[in-house]
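Hi,

Here is the structure I said I would pass on. Have a look, and my notes follow below.

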Amino acid sequence: MKHYVAYALTLFVGVIITWGMLSPSDGGQPPFAHFDKVMHVMAFACLGFPLTATRTHPSRRIFVAGLAFGAVIELFQPHFGRTGDWIDLLADMAGLCLGIAFGRLAARVTGR
């Protein structure tokens, strides 16, 4: 994967995360318990993967930037009719760790 593709994917995922986490909730029942936390983990894993897989930036920098992004979203959610939750931030952190781990594995497998 070229570095410009990794940047584009990361930006795209960031926009989708922002839209999804700041859009008003429909108030419906989730399909299973802790669905919201699973979505946070998956979203932030997708955020951390591309740049790590191309070794465009150090993993530490990607983790800190992603965690700061998640924290800002949690702080702004009450202004958009949502509730900010520190457990969501922990799920974001877990997702970043997962995405970075898979990104490092992908970089190793592809010889980057």
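A quick definition to begin: helices (H or I, at least four residues) are DSSP runs, numbered from the N terminus. This is a predicted model, where local features need pLDDT of at least 70, side-chain atom pairs count only at pLDDT 80 or more, and totals for linings use all residues. Residues are numbered from 1 along each chain as its sequence is written, and side-chain values use heavy atoms, without hydrogens or water.

On to the second largest pocket, with about 170 Å³ of space. A pocket here is an open set of points on a 1 Å grid over the protein atoms alone, where a 1.4 Å probe fits, with protein on both sides within 12 Å along at least five of seven lines; lining residues have an atom within 4 Å of a point. Helix 3 gives the largest share of that lining, 4 residues. Leu-51 is one of the lining residues, and its backbone oxygen is reached by the side chain of Thr-54 at 3.3 Å. Thr-54 sits in the loop between helix 2 (35-53) and helix 3 (59-76).

The largest pocket has a volume of about 870 Å³. Its lining counts 31 residues, with Gly-20, Phe-35, Asp-36, Met-39 and Arg-82 nearest the centre. Helix 2 gives the most, 8 residues.

There is also 1 aromatic pair: the ring centres of Phe-44 and Phe-69 are 6.0 Å apart and the planes at 45°. Pairing needs centres within 6.5 Å; planes under 30 degrees apart are stacked, over 60 edge-to-face, the rest tilted, so this one is tilted.

Cheers

Conventions:
Helix = DSSP H or I, 4+ residues; strand = E, 2+ residues; numbered from the N terminus. Polar contact = N/O pair within 3.5 Å; in protein donor to acceptor, adjacent residues only side chain to side chain. Points joined across faces, edges and corners; volume = space filled by probe spheres on them.
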